[in-house]
Structure formats: structure tokens, C-alpha cells
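Subject: Structure handover

Hello,

Here is the structure I said I would pass on. Please open it first, then read the notes below it.

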Amino acid sequence: MEQVQRETMEYDVVIVGAGPAGLAAAIRLKQLSADVSVCVLEKGSEVGAHILSGAVVDPIALNELIPDWKEKGAPLNTPVTDDRFYVLGPKGALRMPNFLMPPLMNNHGNYAVSLGNVCRWLATQAESLGVEIYPGFACSEVLYREDGSVRGVVAGVMGIAKDGSHKPDYQPGMELIGKYVFIAEGVRGSLAKEIIAKYKLSEGREPQKYGLGMKELWEVKPENHRQGQVTHTMGWPLGVKAGGGSFMYHLEDNLVSIGFVVHLNYQNPYLYPYMEFQRFKHHPLISQVLEGGRRVAYGARAITEGGFQSVPKLYFPGGVLIGCSAGFVNVPRIKGSHNAMKTGMMAAEAAFAALNEGRAGDELADYEAAYENSWVYEDLKRVKNVKPMWSKLGLVGGVALGAVDMWLNTLFGFGFGTWRHGKPDSATLKPAADSKVINYPKPDGVLSFDRLTDLAFSATNHEEDQPVHLQLKDPGIPIALNLPMWAEPAQRYCPAGVYEVIIEDGKSPRFQINHQNCVHCKTCDIKDPSQNINWIVPQGGEGPNYPNL
Ligand SMILES: Cc1cc2nc3c(=O)[nH]c(=O)nc-3n(C[C@H](O)[C@H](O)[C@H](O)COP(=O)(O)OP(=O)(O)OC[C@H]3O[C@@H](n4cnc5c(N)ncnc54)[C@H](O)[C@@H]3O)c2cc1C
Ligand code: SF4
């Protein structure tokens, strides 16, 4: 095999991913000592380009990290002033009284934000402390020491052609070596996946669970705008058999963030999450806000939903998993950014103590101990049964029992034990032959759009001549197995229309991957029933260019 010569750079801590977790970790390290060397690597073209969230943010972690964030100009400009929760039917909506909700569901004191913009601001804070941030650097490989510990990562490989040859702009990338490596890739990270498997970090835990979140940003008519209003819904159009729900957050400048999450444990392979989102916008509760407005951005990203019982072991020789690489989203609150930040900060404190003792490349077990004594642990513990109860008992029974469990945990510190998730999301589809075809209304081009039109509003771009970053372990499976068995669900679950089954007259069906369209949501890696798709990073600086999602 050809030996690649690469430049090497050494740091105390190398951080993969400039989301809330990675940036909070970097800031905390530099706050502890200006002498600690820290770099953050980000595959997006700039910090924030790949960040997609709701987002209503609980500022608890930010208050700890940068107590004077207001004076420092953090873009948290919209306090939540009006908090609404509805169960939708096809035409009507039943508002749940706020007093029925456990206090942890209350959004007062939280802020409606663009998490991408919050990350851009965190990056400026980190840089002012001396953190080196390298956007456009996709980390494609984990480097190991001879003793098996993680030594660093390879980042910045560019200019490889589809056939594997080197193009004129070829760059071999760099080796970024760290005494400790923090994996902060967010949901279903490609390096995290390798590390979790290698060190068996999920052994004895429940499988991680996921949802697919799709989001549009709308500029609405001023008379329809209610700055600070946040609305959550469940029910229609998903009905009682598939889990999920929506969010609608009124931000500043007449902007409304509207999103729809489909739990990826759905069973009917004909379910088409993107089209569920589109028809949802025609509900009167939503359409009355959007009518006369315009959609300004679109994107999608998976969200971790396994919670408390799915959190893996958090450390391995030479590094840690922080944020959604481990999965700290509180599902009923649809909030994970506060926990992502806090876990980054706790890992930073553990690494700093180890560096002070002259250690390197070993296990940061103190980080896991800190997590177990933290408010993150309590945040997840109180809501641990909501997701499995919903999955097992459906919308009505599951959500009702989940609410009772949350109340018991809030009032007395205990509930109905710890429910199990059971299967991973890749194992939940029923055969197409036993499932009902779902016919979706055609998008009207005003409130609802077809997938490719919406995709244009994600500013996604990939160099065409490069190895396809959606690797099929067996290229025959989509047509030979997935098509007859599950009507090849990738055609529908991908929110960017990357996967197509092409049927031409007189020819056998053909599976096509339009890799240029990929918005890096990771759903295919999660949901493919044959677990045949492996998502790896394309060249850095590619993928979506979200302005403020
Ligand atoms: C639709 C949706 C709605 C949500 N709503 C809310 C909400 O209202 N409030 C809330 O608090 N939370 C919400 N969340 C959850 C929240 O967004 C996450 O918990 C949070 O973003 C996790 O932060 P993170 O830093 O772990 O990962 P991320 O925010 O995902 O950041 C990871 C970063 O790492 C980069 N990266 C990944 N792999 C590599 C690699 N190999 N090389 C280089 N860079 C890499 C990515 O490009 C990205 O920039 C929502 C999530 C979704 C999907
Ligand atoms: S190809 Fe996979 S990761 Fe890319 S947008 Fe489609 S489902 Fe998401």
C-alpha cells in the first residue's frame, strides 16, 4: 500500500467538530489555562454551516461557561414569552393546558435562537482565548498508538478523484495529534461510530435511538409574527402509529423556524418523512402563520433520542465522546445543546486535571464520574421513559403514561423503573407486502415544496469527481434485497433525494446515489434496514451551507 507522507501538528487537546459541545470544551480548556494548546476541526465551510437545530436553548450551561454572555453580545435575543403545546387532528387542534406539563417542560427562561449563529459567536469567544479553529477540515481517519489508544486524527484530505487517482489539487491532509482527542461530531458521527465499536462503548447499554428533524426558516408577514412564541405539536399528520411532532419558534426579524421530527423507529416503509413535513404545513394552525410569507432556508439533521439508557461509556484510551456523539438530548424537551455544552465542559475539566498530572493518552474516567454527578444526568434521568413508552404504547397511552412518569420523577424522584428501547431503528421496518402504501398530496409550491426545490435552499454542494461518501458494503443489496422486501425505503427517508431507484423500459431497476445532494443528516446510516450504508466524510468545506439554522 502507498505510504502517505503527511505534516503533523501536535496539541494538548484535539477536538473534532465545532458544535456547542466542541466549542464549549475548547473555551473551558483555555479558561483553565492559556497554556493548554487546543485545536477544533470542522468539516463545514465555516463554523455553523452544518449546524441545524430548533432551537429553543436552555442557557444553564452558557451561564456557567460565559456568565456575562449578554454583555459579550451572544445572539440570544428572543426570550420565550409564550409557550404552547397542541395535539393536532386533520383540521383542529387541542391545546394542552400548561399546568398539566411537568415544570421541566416549561420554556420560560429559555431563548429562541439560531444555534448556527450561537456557534459562530462561541467560535469568536474561543478564538479570542487562543483556540485554533480550522473550518473546512473534515476528519476522515482515527490514528492509533501502538498500545491501541487514540493518538489523533487525519483531516483535510482533498483532491482524490472518483477512481482513487490524485487530481492536480490533491492534498494528503494533516495528522493532528493530541494528548487527548475529543469526539464532538454530533449525532451518528463517523469517527464516533468506529470508536464506539472498537472499544465496545455501547456494551450493556440500550441501542441508541434517533429521529429525523427537517426544518425550514420562514420570513412571515409582520402581522403573523409573534416574537418569543414557541409552539410544539404532536398527532396529525403522523397519527398514532408513528412517533414524532413539530416545533414552530418565532425568532427576531419576522423569522419563524418551523420543523418536523419523525422518530426513526417507524414501521411502514412507505412512510415518507419529508412529505409528512410538507403536508403538516397545511394544517390551519401553521398555514395561518406562513401564508403570505416566504421560505428562506431548508435543511435536515438526525437527532439522538435514546437518552439516559443509551448513553455509551464516555471515555476510551486517549479521548472522550462529548455532546450528541454520545447522545444527551432530552427528548420531551427536544433540547440537547445545553447538555452538549456541559459535557464538553466536564470533559475539558477532566483533561485539564490529567494534563496537570503529566498524563497523556490514557482514560479520562473522571469525566464519566462528573457526568453521573451532574445536572445533565438528572435532566436525562427524569425523562428516561418517555421515548420507550411512546414507542411501545403509541401516541395516546405512551405520552399519557410518559407524562405521569415525568411527574413522579419530578415530585418523588422515582417513576416506573427504566423501560428498554429494544431494537435499533434499522430493525423496525415491516415488509412492504404487509404495509399500506401512503399517498401524499402534491406540494402546492406555496406552502409545500418538492424535495429538490427545498434542497436548493440548503446551499448544498459537493465536488462531483470524488469517491462517493455514501459507501455501500454490498452494492447489490438495494435492488436485490431492499427493493423487494421494503420497497427500498432510502428513496423516501432521505430528506435530500440522494437515493433513487431508476426503472427504465426493458431494463432491470438500478440504484442511483446523487451524493452531491447530501445534507449530512446521517439518516441513511441509521435507518437502512440492511445496515449496508456507511456514511463517511466527503472533502472538507462541502455539504450544506446553512446560513442561520
Ligand atoms: C431538528 C432538531 C431540532 C432541535 N431542537 C433543539 C432545541 O430546540 N434546543 C436544543 O437545545 N437542542 C435541540 N436540538 C439538539 C441539538 O441541536 C443538539 O443536541 C446539539 O446540536 C448537539 O451539539 P454537538 O456539538 O454535540 O453536535 P452538533 O451540533 O451536531 O455539531 C457537530 C459538529 O461537528 C462537525 N463534524 C461532524 N463530524 C465531523 C468530522 N468527522 N470532521 C469534522 N467535523 C465534523 C459537524 O459538521 C458539526 O458542525 C435539535 C436537533 C435537531 C436535529
Ligand atoms: S444521503 Fe444520508 S446523510 Fe445524506 S442527506 Fe440523505 S439520508 Fe441524509
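Helices and strands here are DSSP runs, numbered from the N terminus; a helix has at least four residues and a strand at least two. Please keep in mind that this is a predicted model.

**Cis peptide bonds**

Start with the backbone. The peptide bond from Trp236 to Pro237 is cis, and its omega is near 0°. Pro237 belongs to the loop that runs between strand E15 (229-235) and strand E16 (244-250). Another cis bond leads from Gly54 to Ala55, with omega near -5°. Ala55 is in the loop between E2 and E3.

**A sheet of three strands**

That brings us to E3. In what order do the strands of the open sheet of 3 strands run? The order is E3-E7-E4, and the pairing is antiparallel. Strand E3 (56-57) and strand E4 (78-79) are at the edges. Each has a single partner strand, so one side of each has no neighbour in the sheet. E3 pairs with strand E7 (residues 111-112) over 2 bridges, in the antiparallel sense. Opposite Val57 stands Tyr111 in E7.

**Strands E14 and E18**

Strand E14 (residues 210-219) also has an antiparallel partner, E18, and 10 bridges join the two. One of the pairs is Tyr210 with Thr304, the latter in E18. Is strand E18 (residues 294-304) mostly covered or mostly open? Mostly covered: 9 of its 11 residues are buried.

**Salt bridges**

The count of salt bridges comes to 23. Three of them are worth a look on screen.

Take Glu46 and Arg120. Their side chains meet in a salt bridge at 2.9 Å, N to O. Glu46 is in the loop between strand E2 (38-42) and E3, while Arg120 is in helix H3 (residues 115-128). The pair links distant parts of the chain, 74 residues apart. Glu46 has 36% relative accessibility, so it counts as partly exposed. Arg120 has 17%, which means that it counts as buried, since the cut-off for buried is under 20%.

Next, Lys342 and Glu64. This salt bridge is at 2.7 Å, N to O. Where do the two partners lie? Lys342 is in helix H7 (residues 337-356) and Glu64 is in helix H2 (residues 60-65). They are 278 residues apart, so this pair too links distant parts of the chain. Lys342 counts as buried because its relative accessibility is 12%. Glu64, at 31%, counts as partly exposed.

Then Arg333 and Asp379. Their closest N and O atoms are 3.2 Å apart, and the two form a salt bridge. Arg333 lies in the loop between strand E20 (319-321) and H7. Asp58 joins them: salt bridges with shared partners link Asp58, Arg333 and Asp379 into one network.

**Ligand 2**

Now go to ligand 2. Which cavity holds it? Ligand 2 sits in the second largest cavity. There are 13 residues around ligand 2. Those that come nearest are Cys494, Cys518, Cys521, Lys522 and Cys524. By type, the shell around ligand 2 divides into 11 nonpolar residues, 1 polar and 1 charged.

Lys522 is in the loop between strand E23 (510-513) and helix H14 (523-527). With a relative accessibility of 3%, Lys522 counts as buried.

Gln531 is not a glycine either, and its phi is positive at about 45°. Look for Gln531 in the loop between H14 and strand E24 (533-535). Is Gln531 buried or partly exposed? At 28% relative accessibility, Gln531 counts as partly exposed.

**Where to begin**

For a quick tour, open ligand 2 in the second largest cavity. Move to Lys522, one of the residues that come nearest to ligand 2. Finish at the network of Asp58, Arg333 and Asp379.

Best wishes

Terms used. Residues are numbered from 1 along each chain as its sequence is written. Chains are lettered from A and ligands numbered from 1 in the order in which they are written. This is a predicted model: local features need pLDDT of at least 70, side-chain atom pairs count only at pLDDT 80 or more; totals for chains, interfaces and linings use all residues. Side-chain values use heavy atoms; hydrogens and water are left out. A residue is near a molecule or strand if one of its heavy atoms lies within 4 Å of it. On a 1 Å grid over the protein atoms alone, a cavity is a set of points where a 1.4 Å probe fits but cannot get out, and a pocket is an open set with protein on both sides within 12 Å along at least five of seven lines; lining residues have an atom within 4 Å of a point. A molecule sits in a cavity or pocket if more than half of its atoms lie within 2 Å of its grid points. Ala, Val, Leu, Ile, Met, Phe, Trp, Tyr, Cys and Pro count as nonpolar, Asp, Glu, Lys and Arg as charged, and the others, Gly among them, as polar. Two strands pair if DSSP finds at least two bridges between them. A salt bridge is a side-chain nitrogen of Lys or Arg within 4 Å of a carboxyl oxygen of Asp or Glu. Buried means under 20% relative accessible area, exposed over 50%, partly exposed in between (1.4 Å probe, protein chains only).
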